[in-house]
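Visitor: I have a structure open here and would like to go through it with you piece by piece. Could you help me read it?

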Amino acid sequence: MNTLGSLVVDDLRVSADVELVHGVSLTVAPGEAVGIVGESGSGKSLTLRAVMGLLPRGVHRSGGRVQVDGTAAMIFQDPLSFLDPLARIGRQVAEVCAAVGRTSPRAARVRALELLESVRLPDAADLARRYPHQLSGGQRQRVLLALALAQEPDLLLCDEPTTALDVTVQREVLDLLAQLRAERRLSILFVSHDLAVVTQVCERVVVLRGGRVVETGAALDVVTSPASDYTRSLVDAVLPLPVPAGGGDD
Amino acid sequence: MTEPTARPDGYPGSPPARPAGPGASAGPTLGGLEVVEASVAFAGHRVVDRVSLAIRPGTILGLVGESGSGKTTLARAIVGSVALAGGSIRLDGSDLGRRRSSAERRAVQLVQQDPFASLNPLLTVGQVLDDLLREERLTSPTEPGGRRPRLARQQRAADLLALVGLPSDALGRYPREFSGGQRQLIAIARALAVQPRVLVADEPTSSLDVSVQRTVLDVIAGLGRGMQLATLLISHDLSVVHAVCDEVAVMRDGVLLELAPAGRFFRHPGHPYSRALLEAVPRLPGR
């Protein structure tokens, strides 16, 4: 059986001076999308970063097991902090392609353009010549996705990837993520404070609070009939927004 | 179906007629804040382009738009921190010019997104409020010269905290001792200390957890209505605007695309862009 893209996190502990994540366990099956939701201080981002081995300075994994089958790549809330401000977009993507594929610079440039096109960036050739600050927030997040895809990941880790984006751009990036996932059979672990976004992307949800798992279940079940009072309070705090009546005459 | 603009609080839903103060003009003004054909230009480029809107006392206008829409620049023009390239901003019928008197500056208060950055970390909450109350001579002068005695100031500071739902022992504490939501409530109390007529809240809940968002919104809405403020609530989050606003304005690329009563806006958005914004918001299933 193909287990590529699966993830097992077992009793994960993350500590700085004190323990911040107290034994989190979760799994992602091959091709599955799992969301981690929680408020600030819940440990959701630390859990994700521990999976990637990218914990902030002064924070370390103090216990437990993380097992990724295949390659993992990650996208972040703020692409600007991840992109080199002094390098053209095309070069940054090509460098990753060259490192991953051990290909010639020329082949890497071709591959970089393909990737920029695959994340639905219009005029990829023109955009490849630009610098990060010349791109919009949504374009930068697509570039970050292209960089992640250049690593040919089986598991994509997403840390609030649409939180800083405008709502219409968020919609586009979420749609793109769904398309890429279907095309490439990606497994996804998706961290967000936004329950609605998580339920749109993920089949299963893990609710964290204070570094502990409060609840795990099918996304629809968790938001429609939460098992814990805490999850219910999170769901109830989401402000309702009616869907406008049909546009025009439809 | 509940009417989207229904208010859970006990404050009067409709504002009274404009107070006939001596400063009121003879024009057809309704009082409150009026933005008339306002433009702001940076480096020759109009980032706010001939925007007109009005907010009556005791009502809340929600201003929505995406990044680059000009909504924050408009807010800064209203509080007087950027100059207009054209048009005017009026309070109760009189022009708020380029150079504002201290009374005019106090009358228009801003609450910003980041409650961490907006409070001096070296001052206790009581000191922050006391400094403002010491200067404040707008109303109820209790001493010659209009200054408040110290005890009266302390009482007023405690009253302000009570208004936003914080205990009076908060007066002796420093900003770092409070959560993000509490800090935002302190920022609101500080804005109200100088008895403003207009409250501009720029993304007041955007950096807060959802569990405290509702509290902060209820305080802004409840006090805004109760104290008859003209409130401008700027948010990229349409559900925030839906929760508390009476009217909604939509900006894009510096231009006002739509201005409508909230009930109508959320059911029947008039502009295709408004509809696109509303439809792009992810909803929770089953709600």
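Visitor: Which residues does Glu66(B) touch, leaving out those up to four places away in sequence?
Guide: This is a predicted model, and in it Glu66(B) touches Asp166(A), Val167(A), Thr168(A) and Val169(A) from chain A, along with Lys71(B), Met251(B), Tyr273(B) and Leu277(B) from chain B.

Visitor: And what does the side chain of Glu66(B) make a polar contact with?
Guide: The partner is the side chain of Thr168(A), at 2.7 Å, and Thr168(A) is also among the residues that Glu66(B) touches.

Visitor: Where along chain B is Glu66(B) found?
Guide: Glu66(B) lies in a loop of chain B, between strand β3 (60-64) and helix α1 (71-79).

Visitor: Is Glu66(B) buried or exposed?
Guide: Glu66(B) is buried, and yet it has no salt bridge.

Visitor: Why no salt bridge for Glu66(B)?
Guide: A salt bridge needs a side-chain nitrogen of Lys or Arg within 4 Å of a carboxyl oxygen of Asp or Glu, whereas the nearest side chain of opposite charge to Glu66(B), that of Arg252(B), is 7.3 Å away.

Visitor: Stepping back, how many helices and strands does chain B have?
Guide: Chain B has nine helices and ten strands, and of its 287 residues, 50% count as buried.

Visitor: What about its accessible surface?
Guide: The accessible surface of chain B comes to about 12700 Å², and 52% of that belongs to carbon and sulfur atoms.

Visitor: What share of the contacts in chain B with a separation of 6 or more comes from residues 24 or more positions apart?
Guide: Such pairs account for 68% of those contacts.

Visitor: Now the strands: which way do β1 and β4 of chain B pair?
Guide: Strand β1 (residues 33-42) and strand β4 (residues 86-91) of chain B pair in the antiparallel sense over five bridges, with Ser39(B) standing opposite Gly86(B) in β4(B).

Visitor: What else is β4(B) joined to?
Guide: Two bridges join β4(B) to strand β5 (residues 94-95) of chain B, again running antiparallel, and here Arg90(B) has Asp95(B) in β5(B) as its bridge partner. The hairpin of β4(B) and β5(B) has two residues between the strands, and Asp92(B) takes a positive phi near 50° there.

Conventions. Residues are numbered from 1 along each chain as its sequence is written. Chains are lettered from A and ligands numbered from 1 in the order in which they are written. This is a predicted model: local features need pLDDT of at least 70, side-chain atom pairs count only at pLDDT 80 or more; totals for chains, interfaces and linings use all residues. Side-chain values use heavy atoms; hydrogens and water are left out. Helices (H or I, at least four residues) and strands (E, at least two) are DSSP runs, numbered from the N terminus. Buried means under 20% relative accessible area, exposed over 50%, partly exposed in between (1.4 Å probe, protein chains only). Lys and Arg count as positive and Asp and Glu as negative; His and the chain ends are not counted. A polar contact is a pair of N or O atoms within 3.5 Å; within protein, one must be able to donate a hydrogen and the other to accept it, and residues adjacent in sequence count only if both atoms are side-chain atoms. Contact means heavy atoms within 4.5 Å. Accessible areas come from the Shrake-Rupley method with a 1.4 Å probe; for residues, only the protein chains shown count as cover. Two strands pair if DSSP finds at least two bridges between them.
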